[in-house]
Amino acid sequence: MQALHQDRCNRAAARCVVTSLAAGVVGRQLPEGEPHAGQGATAAAPTGAMTATPVARSVTKRLRSLYATAFIHSFVLWYSIEKLFMRSVGLNDYLITIATLVYIVVMMAANIPLGLLADRWSRKGVLYLATCALIGSSLVCGFSHGLPMYAAGISLWGLFYAAYAGTYDSAVYDVVLEETGSAEAFERCYGRVQMSEAAAFVASALCSAAVAHYAALRLEYFVTIPLTCCAFLTLSWFREPSMHRTVPRLHLGAHVGRIVRGTTRGNVGWIVAALVANCVVMRLLIEFYQLWYLGLALPVIWYGPGCALMYSGAWGGGALANRLRGGRTMLMIGFGTLVIACGLFARDPRLVIGAQVVTIFGVTVLNIGLTRHLHDAMPSTIRAGASSVVSTIGYGVFVPTALAFGLFSRGRGIFEAAIFVVVPLAVMCFSVARARCWSRPARQRAQGPPPVPMPEPVRGPSRARSARDVPAAPYWWPADRPRQPAGAGPKVNRVGEPAKSLASRANTQSSRSA
C-alpha cells in the first residue's frame with residue numbers, strides 16, 4: 001500500500017512539473033532583443049495547439065462576454081444623427097468643427113495615460129471607465145442646447161474612445177496567449193471584435209432611423225444610456241487576463257521608457273508607421289465618405305445602403321482576417337487595396353462605392369494583422385500602452401491631414417482629394433515591405449519548437465526536494481528578474497498565479513497521500 005501511495009506521488013509530481021514547464025515556456029525569460037512568446041509562431045506551442053477543439057472552445061467561451069461588450073459599446077443610436085442634432089441646437093459648420101477638434105484634443109491627451117493605466121492597473125477596469133464615459137457623454141449631449149454643453153459632452157466621448165482604443169486588442173491578445181500558449185488565434189479572435197463592432201454600427205443605424213422617424217432626435221441620446229449600461233453586466237462576466245501582473249510594477253518613468261524603446265527598435269518602427277497610415281486612411285473614409293456622394297449628386301436613398309455597405313466591408317475584413325494573415329499576404333492585400341482605391345478618382349457611383357467598400361475591407365484586414373505584429377513585439381506589461389501610443393500618433397497625423405483634405409477638396413473637388421487616401425495607403429505598403437513581418441516567424445516555424453525536458457521522478461519519501469532541484473519557469477519579461485532575492489532560488493511563476501515552488505507542491509501531495 002505504501003508503494004502504491006509513493007507511485008501516485010511520483011506521477012502527481014511529474015504531472016505538476018510537466019504542466020508548469022508547459023506554462024513556463026509561455027512565460028519564459030529571454031534576453032533583451034530576442035523574440036519572446038507571441039512573435040510569429042510562438043515557439044512554446046505544440047504543433048496544432050491552436051487548431052485543437054478544446055483550446056478553441058476555451059478561448060471562444062472566455063472572450064464571448066468581451067464580444068458582447070464590444071457590440072454594446074458600438075451600439076450608439078445617436079452616431080448616425082449627431083450632425084443633424086448639432087444643427088438643430090444652433091451649431092453651424094464652424095462650431096461643429098470646433099466641437100470636433102475639442103473632443104479630438106481631449107482624446108489625444110487622455111489616450112496614453114489610460115493606456116498606461118490599463119497596463120499598470122486593469123484592462124477590465126479601464127473598460128468600466130470607458131462605459132461610464134460613454135454614458136456621461138450621452139447624458140450631457142442629450143441635455144445640451146448650445147456649443148459649451150455639447151463640447152463638454154463630446155469631450156466625455158473622447159475619454160470613452162481613449163479608454164476604448166488599445167484596450168480590446170491587448171486584452172484579446174493576452175487571453176489568447178494565456179489559454180493557448182501561442183498568438184496564432186489572435187486574428188480570428190480580434191476579427192470577431194471588429195465584426196461585433198461593425199454589426200452594432202449597422203444595427204444602431206437602422207434603429208436610429210426608426211427612432212428619429214417616430215420621436216425626437218434628442219431621445220436617441222437618452223435611449224442609448226440604458227443600452228450602454230448593459231456593458232457593466234457583460235464586463236462582469238469577463239475573466240481578465242493577468243499576464244501583465246506577473247512581474248513587479250515598474251516606476252512610471254521606466255514604464256514610459258520601455259514603451260518608447262519597444263515601439264522604436266528594429267522593425268517595430270515600420271509596423272508603427274504602417275499602423276499610423278492605416279489609421280489615417282480608415283478615419284478619412286469613415287468621416288468623409290459621404291462627400292463623394294455629394295460630389296456625385298446621389299439621391300438621399302443611396303446614403304443608407306452606402307453606409308451599410310461601408311460597415312459590411314469592415315465586418316468582412318474582421319471575418320476573413322484570420323485567413324488573410326502572414327507578411328507576404330498582407331503585402332499583397334496592401335498593394336491590391338492601393339490599386340482599388342484609385343477608383344475614388346472616378347465619377348461613377350458604382351466604382352466609387354465599390355472602391356470605398358473594398359478599401360475599408362483591406363484596411364481592416366491590415367489593421368488586424370499589423371496589430372498582431374505590434375503585440376508580438378511587446379511584453380504584456382506595456383502592450384496596452386504601446387497600442388495607445390500608436391493610436392495617439394495616428395490621430396495626431398489625422399487632424400492636419402483632415403484639415404488639408406477639407407481645404408483641397410473645397411478648391412479642387414472631392415475626386416482630386418482622393419490623393420489623400422492613396423498616399424497613406426502607399427506609405428502603409430512601403431512600411432509593411434520594410435518591416436518584413438514574414439521573415440522571423442518563418443524561420444521560427446522552420447526551426448520548430450524547442451524540446452521540453454522531462455523531469456526525473458521523485459525517488460523515495462525520505463529525501464525532501466529543495467526548490468533548486470526543480471526546473472525553473474522564470475518571469476514573463478526579463479527586466480524585473482534581478483529584483484528577486486538572491487537566496488530565494490529558482491521559482492515557478494505560472495502565468496496568472498503567484499510564484500510557488502514545485503517541490504512544495506510535490507511534498508504537499510506526498511504528505512496528503514501518506
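His375 is found in helix 14, which spans residues 349-376. The model is predicted. In this model His375 is buried, because its relative accessible area is 0% and buried means under 20%.

Aromatic rings were examined next. A search of the whole structure finds 26 aromatic pairs. One of them joins Trp78 and Tyr79. The ring centres of Trp78 and Tyr79 lie 5.1 Å apart, and their planes meet at 80°. Planes over 60 degrees apart count as edge-to-face, so the Trp78 and Tyr79 pair is edge-to-face. Trp78 is buried, with a relative accessible area of 1%. Tyr79 is partly exposed, at 25%.

Phe85 and Tyr150 form another aromatic pair. Here the centres are 6.1 Å apart, and the angle between the planes is 40°. This pair is tilted. Phe85 lies in helix 3, residues 82-88. Tyr150 lies in helix 6, residues 147-164. The pair therefore ties together parts that are 65 residues apart in sequence. Phe85 is buried, with a relative accessible area of 2%. Tyr150 is buried as well, and its relative accessible area is 0%.

Notes:
Residues are numbered from 1 along each chain as its sequence is written. This is a predicted model: local features need pLDDT of at least 70, side-chain atom pairs count only at pLDDT 80 or more; totals for chains, interfaces and linings use all residues. Side-chain values use heavy atoms; hydrogens and water are left out. Rings of Phe, Tyr and Trp (its six-membered ring) pair if their centres lie within 6.5 Å; planes under 30 degrees apart count as stacked, over 60 as edge-to-face and the rest as tilted. Buried means under 20% relative accessible area, exposed over 50%, partly exposed in between (1.4 Å probe, protein chains only). Helices (H or I, at least four residues) and strands (E, at least two) are DSSP runs, numbered from the N terminus.
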